[in-house]
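Please look over the structure shown here before reading on. The report takes up a few local features in turn, beginning with a pair of helices.

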Amino acid sequence: MHTVRFYFDVISPYVWLAWTQVPEVEARTGARFDLQPVLFAGLLQANGNKGPAEIASKRVHLLQDVARWAMTLKRPYAGPPAHPFNPLKAQRMCAALDDPDARRRLAGALIVATWENGRDLMNDAELRAIADDAGLDGAALLAATEDPAVKERLRKNTEHALAEGVFGVPTFLVDDQIFWGNDRLGFLETYLGGGLRIDKSELAERLARPRAADRKNV
């Protein structure tokens with residue numbers, strides 16, 4: 001049975017769209033997805049990028065694209081009260097959980113709460129209530145967001161993801177292969193079934209080709 005590391009940040013609607021499809025992929029493949037919280041902002045900063053909701057034209061596209069995906073997947077879509085929002089406490093709450101099943105349960109509850117039900121993940125009372133409703137101790141998890149060890153764990157998770165080549169969310173990592181985006185779940189599923197194997201020597205040769213142009217900073 002494969003374990004797929006699912007790097008996520010609740011801020012991303014594409015994390016939500018991927019999460020809604022995970023149980024079906026698991027059922028078909030026998031794989032298990034291990035949800036790992038990271039900070040999308042940290043991934044962006046390390047790679048000199050902006051999030052799509054920070055760029056006016058991309059924000060328009062993002063909101064339309066997510067609505068189309070929601071209709072296609074037949075999921076209710078309210079969206080958070082503001083976007084982008086600060087997901088730091090929600091991510092730390094997930095990072096505070098050692099048990100992968102509990103972490104998965106909380107992460108799924110937070111993702112669905114904001115993207116399907118429109119709940120505010122910057123509100124402490126909402127965070128506590130969502131965790132309680134997931135069968136966890138919301139007050140303890142909220143308090144853990146101020147624990148230096150939990151803060152460090154989330155930072156280390158993000159650094160580890162960067163070291164593995166992760167640059168965005170959702171990212172799925174199995175073996176040494178990265179699949180980025182909810183729209184790559186089909187590729188991931190085929191890979192889990194033994195397909196889409198990349199010839200590493202061919203990839204190395206392509207990567208060794210020089211860059212012929214670079215944009216200048218303006």
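This is a predicted model: local features need pLDDT of at least 70, side-chain atom pairs count only at pLDDT 80 or more; totals for chains, interfaces and linings use all residues.

On the side of helix 6, the contact is made by Leu106, Ala109, Leu110 and Ala113, while helix 7 contributes Leu127, Ile130 and Ala131. The residues of this contact comprise 7 nonpolar, no polar and no charged.

## The buried face of helix 10

In helix 10 (residues 185-192), the buried residues are Leu185, Leu188, Tyr191 and Leu192. When the helix is seen down its axis, these buried residues fall within an arc of 120°, so they line one face of helix 10.

The elements against which the buried residues of helix 10 pack are strand 1, helix 1, helix 2 (22-29), strand 2 (32-37), strand 3 (171-174) and strand 4 (177-180). After helix 10 comes glycine 194, which has a positive phi, near 105°.

Isoleucine 11 is located in the loop between strand 1 (3-8) and helix 1 (13-19). Its relative accessible area is 12%, which is under the 20% cut-off, and isoleucine 11 is therefore buried. Leaving aside residues up to four places away in sequence, isoleucine 11 touches Phe40, His83, Pro84, Phe85, Pro87 and Trp115. Although isoleucine 11 and glutamine 91 are 80 residues apart in sequence, their C-alpha atoms are 9.4 Å apart in space.

## Cis peptide bonds and positive phi angles

Most residues other than glycine have a negative phi, and most peptide bonds are trans. A cis peptide bond, with omega about 0°, joins histidine 83 and proline 84, and proline 84 is placed in the loop between helix 4 (56-73) and helix 5 (88-95). Valine 169 and proline 170 are likewise joined by a cis peptide bond, with omega about -5°, and proline 170 is in the loop between helix 9 (148-163) and strand 3.

Lysine 74, which is not a glycine, has a positive phi of about 60°; this residue lies in the loop between helix 4 and helix 5, and at 72% relative accessibility lysine 74 counts as exposed. Leucine 196, also not a glycine, has a positive phi of about 55°. The loop that holds leucine 196 runs between helix 10 and helix 11 (200-208), and at 44% relative accessibility leucine 196 counts as partly exposed.

How values were computed
Residues are numbered from 1 along each chain as its sequence is written. Side-chain values use heavy atoms; hydrogens and water are left out. Helices (H or I, at least four residues) and strands (E, at least two) are DSSP runs, numbered from the N terminus. Buried means under 20% relative accessible area, exposed over 50%, partly exposed in between (1.4 Å probe, protein chains only). Contact means heavy atoms within 4.5 Å. Ala, Val, Leu, Ile, Met, Phe, Trp, Tyr, Cys and Pro count as nonpolar, Asp, Glu, Lys and Arg as charged, and the others, Gly among them, as polar. The arc is that of the directions from the helix axis to the C-beta atoms.
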